[in-house]
Structures are given as structure tokens and as C-alpha cells.
Amino acid sequence: MSKVMIIINPSSGKEKAGKILPNAEKALEEIYEQVTVRKTKGEGDATDFAKEACAKRFDAVISMGGDGTVNEIVNGLAEQEHRPDFGIIPLGTVNDFARSLGIPLSPEAAIEIIKDKQIKESDIGKINDRYFMNVLAVGSIAEATYNVSVEQKTRLGSFAYFIEGAKAIIKKNPFPLTVEHDQGRWIGKAHLMIATMTNSVGGFEQLAPEAEVNDGKLHTFIIKDLSLPLLLKIIPSLMKGEIKRHDEVEYIQTSKLHLSTPEDITVNIDGDEGFLLPFQANVLHKHLRLFVPGKA
């Protein structure tokens, strides 16, 4: 018997998730014999549900939520003996992972993508004993995103992150950083380090335009200075996908990273607060099978 599990965050999509769920169930009943719905109530629920789907050998798992829900599901699927195909119905504020896969941000259109059953293998990242699918970030700007409230995200969308990031830039505190990678080691002071597996970070789809979800690489940017004059130059380059060409930006492609600093600095993992440095990260190449548009 073919079976699919929908893991839904009821508070996602400005709490419209419940209205979309019946349409998703109806569509999936056309292609699977059994549709099971699991609703999250708190942190870690989606991970537990995804592990259940692996243990019971479900054919597919569908995320209905934002990037946080996707991240939790990835942590439940990663390195399991049986990993169901993974579909995303994006309902969050930014939906970076869906963007990078070309999945429509319209839930109804995303449901149709799953019905087509077009599969693409995708990398995920492993950081210490956790997993991520999009981005690692270190620095005051990354930490500022923790101050964004649910109300701000609902009202302002991805612009809410920009506002908190701008506040952090004004305070401007560089920190000593050591970055070990495939080609060697970088040592210096930085304001921000971003390592992305996709071309979409915080809703900006031109940070690393060459990044592919299955290229086996962490596209790493070390921004050494964030003075206001430099920032005014970087923003246009960011929009054009040319930020890596700036003298104050180190760009590294690598399959693994080790970051350390003598300061108490926390890594941001897929937009959520992680743990204090140091950390070891590496790519699990083509580890998951995802439903994508035919052109992706």
C-alpha cells in the first residue's frame, strides 16, 4: 500500500495552513492509497514525525510550513535507512529552500508539483550532530535575526530580517575567525560569514547564483568589513550576484568547513539559533529525493 505523511505547522501561512490542508489531502489521495496527517504543536515535533515516516517506510513526506518546518523534517529524514521522497508546500515567510528548487510559493501550485512526481536528488548539510538544507551564518547580523518576532514576520515578511540586520550593522563588531576548508585555511577578522547550499538566502536569490542544490558544495562568503560606505557598494553587487568579487569579501567553495573563534559566538542554522562555535560542517551529497517542477 502506497502511503504519504503530511507534516503541517498549523500556525504557518498567517494561520491559513488549516484552510489549505483539505486541498492537499484531496490531491494526494489521487496518487497515494493512504494519507496520514501529523500536526505539530511544538519544537521537534516535525522531526519526530519524519522519523516515524522513515521507520514505517512511508513512500513520501510532505512539509506544510516554512523553512523551520522543512529544517525539522530534514533532521528527521537524514541518514535514516529508509528515506521517503520529500515534498514541500511552502507556507512560511521566506521559503528559501522552496525558492532554490523552483517550487512555486503558491500552495495550490506546489501541490500540483507533487502530483507530477518529478524527482530531483538534493544535498543537505551536517553540522556537528545536526542537519541543515540551506544556510549557516555567523556574526552579529545573523544573531540579530533571532530578534524578529512572529508578528514582525507576519506584518513585514522578509523585510523584518533586513531591519534587524541594519541595527546590527550600526553596532559593527568584527570578530576573530579561523575557517578551515578544502583548499586550506583562512584566518582574520570578519563581520559576517555565510555558507549557503542554495542560491536563495533570506529571500535574496542572487547571493550565490551559481549554487545548485546538488553540487556538493558549501558556497562560503567571509565579509571582512561592513562599514556604511562599503555596504552601499555591496548591496548593488548582491542584487547582481557579484558580491564575491569585492575586495572585502572572501569567497570559498568547499565540501566541508571547520569554524572556530575565541569569542562566544553562536551559529545561525537555517535561520534559527544554533550553538556556540567551534563547529564542523560537511555536505551529504544527493542525500534526499525531492519533488520539483519538471524544469528544476
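**Exercise 1.** In this predicted model, identify the buried residues of helix 6 (residues 107–116), and explain why they lie on the same side of helix 6.

*Solution.* Step 1: apply the cut-off, by which a residue is buried if its relative accessible area is under 20%. Step 2: list the residues of helix 6 that are buried, namely Pro107, Ala110, Ile111, Ile113 and Ile114. Step 3: consider their directions around the axis; because these residues cover an arc of only 155°, they are on the same side of helix 6.

**Exercise 2.** Determine which elements the buried residues of helix 6 pack against, and describe the phi of the residue that follows the helix.

*Solution.* Step 1: the buried residues of helix 6 pack against helix 2 (17–29) and against strand 3 (60–65), strand 4 (85–90) and strand 16 (279–291). Step 2: after helix 6 comes Lys117, with a positive phi near 55°.

**Exercise 3.** Describe the largest nonpolar core and the surroundings of Ile88.

*Solution.* Step 1: the largest nonpolar core consists of 29 residues, and Phe86 and Ile88 have the most contacts inside it. Step 2: the elements giving two or more residues to this core include strand 1 (3–8), helix 4 (67–77) and helix 5 (96–100). Helix 3 supplies the largest share, five residues. Step 3: with neighbours within four places in sequence left aside, Ile88 contacts several residues, among them Ala110 and Ile114, both of which are buried residues of helix 6. Step 4: another core, of 24 residues, lies apart from this one and includes Phe132, Val179, Leu277 and Ala281.

Terms used
Residues are numbered from 1 along each chain as its sequence is written. This is a predicted model: local features need pLDDT of at least 70, side-chain atom pairs count only at pLDDT 80 or more; totals for chains, interfaces and linings use all residues. Side-chain values use heavy atoms; hydrogens and water are left out. Buried means under 20% relative accessible area, exposed over 50%, partly exposed in between (1.4 Å probe, protein chains only). Helices (H or I, at least four residues) and strands (E, at least two) are DSSP runs, numbered from the N terminus. The arc is that of the directions from the helix axis to the C-beta atoms. Contact means heavy atoms within 4.5 Å. A nonpolar core is a set of buried Ala, Val, Leu, Ile, Met, Phe, Trp, Tyr and Cys residues joined through side-chain atoms within 4.5 Å.
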